[in-house]
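These are my notebook entries on a structure I went through element by element. The sequence and model are placed here for reference.

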Amino acid sequence: MSQAAVVQFALEPLAVELREIAVPEIGDTDVLLRVGAVSVCGSDVHQAYNTHSWPVNVPVVLGHEFAGTVARAGKAVTAFREGDRVVSETAAEVCGVCMLCRTGRYNLCPTRKGFGYGINGAMASYVKVPARCLHAIPDTLPFELACLAEPHSVAFNAMCVNSTIRPGDAVVVLGPGPIGLLCARMAALAGADPLVVVGLTSDAPRLETAMRLGATRVVDAQREPVEEIVRGFQSIGADLVCDASGASRPLDLALALARPDGQVTKVGWSPDLVPVNVNPLVQKNVRLQGSFSHNYPVWERVIHLLDRGLTQPETIVGLTSPLGEWREAFDAMHSGRVIKSVLIP
Ligand SMILES: [Zn+2]
Ligand SMILES: [Zn+2]
């Protein structure tokens, strides 16, 4: 049996095409998942334009943000069966025996390989998934929203696990991309106030979305004095600055905006290596925290938030199209016309 899939076939710009490939065989502990919806991640777009900062095993099927139905379950799978509606975590391969795997931090396993760059992903009709990656979703949660559980989990882990936010904390989010906007939403849910989201002039529509998601002020960093505005709310600086810009340079700004004894959480990354003044980190006793992916309890919580509509996921989806129109869906995100595209295989 064969199926259409969005395949990255080389490490060069635009080396992605719709190809006929075999429906995967599954092992005893896997399920074959019929993909109901797969959202396009900024990282899929980066891979398509060859501007990513992580190793990619080509050829590979793109897509790691997906939801669907169990079409077939391996012999040893007990927790899920045919017909179950599920979402899948992204750690397709982990060693299972290192200290991180054994303590539930398998997302940080040094041998981790994720769907869509290390292992074939979900921009296809079917994807092979180890049953340990799955979470059941309620019937009330449509696949088109459930597939967003992955970026939600990135944001929840960054803002609600790796950072501390108390009601009334002054929080700044740098970069209103999909992850930055979801980080802002998580901060709003956690009680951040003021909640300032900072972008560029070209981010105007995204900054409007940030206001709908709970920002109390948005700032165009190319036209307005960011630091002055933030210090207008709290003169000593922000309790927490989240850098979701996907670049290295804004870490300078994040460190400048954080208050003494404040926090900076960095969730976006890029291939550019730039010099950054880290002296404020020491001088202000700032806690600098990286945040990478997510694990089981984060997903369970996010599925609840999504199902209750608390994160307003529909606000960030600008385009839903059939898998065959993947190129338009990628381009719409690349050009900034939509924040997030969803593909239906
Ligand atoms: Zn993603
Ligand atoms: Zn491990």
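Entry 1, E93 and its partner. I looked up E93 and found it partly exposed, at 36% relative accessibility. I note that the model is a predicted one. E93 forms a salt bridge with K113, and the closest N and O atoms are 4.0 Å apart. I then located the two residues: E93 lies in the loop between β6 and α2, K113 in the loop between α2 and β7, so the pair ties together parts that are 20 residues apart in sequence. K113 has a relative accessibility of 32% and is likewise recorded as partly exposed.

Which residues are the protein donors of the zinc ion (ligand 2)? I found C95, C98, C101 and C109, each through SG, lying 2.3 to 2.4 Å from the ion. I checked the geometry next: the 4 donor atoms subtend angles of 104 to 115 degrees, which makes the arrangement tetrahedral. For reference, I noted that the ideal angle for four tetrahedral donors is 109.5 degrees. Along the chain, the zinc donors follow the spacing C-x2-C-x2-C-x7-C. C95 sits in the loop between β6 (85–88) and α2 (99–102), and C109 in the loop between α2 and β7 (126–130), so this pair ties together parts that are 14 residues apart in sequence.

I looked for nonpolar surface and noted a patch of about 290 Å², made by L108, W269 and F292. L108 belongs to the loop between α2 and β7. Its relative accessibility is 33%, and I recorded L108 as partly exposed.

How many salt bridges does a search of the whole structure find? The search returned 11. I followed up two beyond the pair in my first entry.

R217 and E224 meet through their side chains in a salt bridge, at 3.2 Å from N to O. I found R217 partly exposed, with a relative accessible area of 26%. E224 is also partly exposed, with a value of 26%.

R231 and E227 form a salt bridge as well, with an N to O distance of 3.0 Å. Both residues lie in helix α7 (residues 226–233), where they are 4 residues apart and hence separated by about one helical turn. I noted R231 as partly exposed, at 27% relative accessibility. E227, at 33%, is partly exposed too.

I traced a sheet of 3 strands in the order β2-β1-β4, with antiparallel pairing. Which strands stand at the edges? They are β2 (16–22) and β4 (60–61); each has a single partner strand, so one side of each is left without a neighbour in the sheet. I then examined how β1 (residues 2–8) meets β4: 2 bridges join these antiparallel strands.

Key: Residues numbered from 1 in each chain as written. Chains lettered and ligands numbered in written order. Predicted model: local features only at pLDDT ≥ 70, side-chain atom pairs only at ≥ 80, totals over all residues. Heavy atoms only, no water. Donors = N, O, S within 2.8 Å, 3.2 Å for Na, K, Ca; no water. Tetrahedral: all angles 85-135°; square planar, octahedral: opposite > 155°, others 65-115°. Patch = residues over 30% accessible without salt bridge, like charges linked within 9 Å, V, L, I, M, F, W, Y side chains within 5 Å. Areas by Shrake-Rupley, 256 points an atom, 1.4 Å probe, with all protein chains shown as cover. Buried < 20%, exposed > 50% of the residue type's maximum accessible area, 1.4 Å probe, protein only. Pairing = 2+ DSSP bridges.
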